[in-house]
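I opened this notebook to record what I looked up in the structure shown below. The entries follow the order in which I consulted the coordinates.

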Amino acid sequence: MRRFLLVVLAVTLVLAGCTNETGGGAGGEGERPAKVDGIPTSEGTHKQKIDVGTIGHREFLLHVPSKVTGGTWKDGKPADPPALVIALHGGLATMGKMEDLSGFNRLSDENGFLVAYPNGVMTTWNAGDCCGAAKIGNVDDVGFLTKLIDKLTGAGLADPGRVYVTGFSNGAGMAYRMACEKPGKVAAIGVVEGALVTECDPGRPVSAMIFHGTADRSVPFNGGGNRDFNDRRPFPPVSKAVDFWRRVAGLPEPSRPVKALTDDTVCESTGKGGEGVAVAFCKIEGGGHQWPDRASAMLWEFFASHPRGG
């Protein structure tokens, strides 16, 4: 009888230890469910799939920091929904490579925001006039990324006023396209070694931080090169994109110094306009077609200071 009571006590303690993470339901007051709308809430990086209404599905990695997992939950959702950074890989890369390249996971863990790393189609994004398979197939990447944003914000796991899209190269061009076509979904974008090569009439301003190296041979600083393997038109200069976004917001030319985290980088900002929108441009002297050192930390600092309407 004593042994039976000890077994019952042990099972009770084990079950009690499991009650903080429920099996995927809404969760009670103060509880964190294991999943919300099918999305894992536990700490770490989770590979996810999303239905986009076509044959097959699209994939993304979602990094959830301990500050979200261990934070305050109410009615099965974070009481204070975190910001969301969507990081887009360059051409001929993958979501896993962008995770490694950007280093956003560490910043996520330190600052408590979610990071999503989506996968393009055959390693490319349809950024308008670029690039590769996604462009040729007229892939609806804007629709995919919009569904991703809506899924995470609709589940209450991310703040819809603090959604930020950043990318490298072809992914940077895709960040531009999201701001052009879905400015109501994106508070700010971060563009690294990319070009604005899509028709753009956003209808409302979006904050932007733009990094570009003066020695980039793939997407030349002053314009040139080829937009795609089957499109010999040159890329426009980076100055065109800087001027475009500041004019949409009615902002002056960037002239206010912004502290850079590396010696080879000079950053200037327009300062915030009436809607809290700003455009910052970071020139990397001698920088090539690569993700700059400390760019992610600077991007997060910019994003955190530029929520929608802030």
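**Entry 1. The second largest cavity**

I began with the lining of the second largest cavity, whose residues divide into nine nonpolar, one polar and no charged. For these classes I counted Ala, Val, Leu, Ile, Met, Phe, Trp, Tyr, Cys and Pro as nonpolar, Asp, Glu, Lys and Arg as charged, and the others, Gly among them, as polar. I note that this is a predicted model, in which local features need pLDDT of at least 70 and side-chain atom pairs count only at pLDDT 80 or more, while totals for chains, interfaces and linings use all residues. Residues are numbered from 1 along each chain as its sequence is written, and side-chain values use heavy atoms, with hydrogens and water left out.

The lining consists of Ile39, Pro40, Thr41, Leu62, Val64, Val68, Trp73, Pro78, Leu114 and Leu157. A cavity here is a set of points, on a 1 Å grid over the protein atoms alone, where a 1.4 Å probe fits but cannot get out; lining residues have an atom within 4 Å of a point. I recorded a volume of about 50 Å³ for the second largest cavity, a volume being the space filled by probe spheres set on the points, with grid points joined across faces, edges and corners. Strand S4 (39-40) and strand S6 (58-64) each supply at least two residues of this lining. Strands (E, at least two residues) and helices (H or I, at least four) are DSSP runs, numbered from the N terminus.

**Entry 2. The largest cavity**

How many cavities of 30 Å³ or more does the structure hold? I found two. The largest cavity has a volume of about 90 Å³. Its lining has 14 residues, of which Ala187, Pro205, Val277, Arg308 and Gly309 are the closest to the centre. By class, I noted seven nonpolar, four polar and three charged residues in this lining.

**Entry 3. Disulfides**

I next checked the cysteines. A disulfide is a covalent bond between the sulfur atoms of two cysteines. With the bonded cysteines numbered in sequence order, the pairing is 1-2, 3-4, 5-6.

Cys130 and Cys131 form a disulfide with their sulfur atoms 1.2 Å apart. Their link is right-handed, with 45 degrees about the S-S bond. Cys130 counts as buried at 6% relative accessibility, and Cys131 counts as buried at 13%. Buried means under 20% relative accessible area, exposed over 50%, and partly exposed in between (1.4 Å probe, protein chains only).

The sulfur atoms of Cys180 and Cys200 are 2.0 Å apart and form a disulfide. I read -100 degrees about the S-S bond, a left-handed link. This pair links distant parts of the chain, with Cys180 in helix H7 (residues 170-181) and Cys200 in the loop between strand S12 (188-192) and strand S13 (207-213), 20 residues apart. Cys180 has 5% relative accessibility and so counts as buried.

Cys267 and Cys282 form a disulfide, with a distance of 2.1 Å between their sulfur atoms. The link is right-handed, at 115 degrees about the S-S bond. Cys267 lies in strand S15 (residues 265-269) and Cys282 in strand S16 (residues 279-284), so the pair ties together parts that are 15 residues apart in sequence. Cys267 counts as buried at 3% relative accessibility, and Cys282 counts as buried at 0%.

**Entry 4. Strand S11**

How many residues of strand S11 (residues 163-168) are buried? I found that six of the six are, so S11 is largely enclosed by the rest of the structure. Both of its faces are covered, with Val163, Val165 and Gly167 buried on one side and Tyr164, Thr166 and Phe168 buried on the other.

I then looked up its neighbours, taking two strands as paired if DSSP finds at least two bridges between them. Strand S9 (residues 84-88) and S11 run parallel and are joined by five bridges; Thr166 is the bridge partner of Ala87. S11 and S12 also run parallel, joined by five bridges, and Val165 stands opposite Ile189 in S12.

**Entry 5. Helix H4**

Last, I examined helix H4 (residues 104-111), in which Phe104, Asn105, Leu107 and Ser108 are buried. They lie on the same side of H4, because they cover an arc of only 165 degrees around the axis. I took the arc from the directions from the helix axis to the C-beta atoms. Just after H4, Gly112 takes a positive phi of about 80 degrees.

How values were computed. On a 1 Å grid over the protein atoms alone, a cavity is a set of points where a 1.4 Å probe fits but cannot get out, and a pocket is an open set with protein on both sides within 12 Å along at least five of seven lines; lining residues have an atom within 4 Å of a point. A disulfide is a pair of cysteine sulfur atoms within 2.5 Å.
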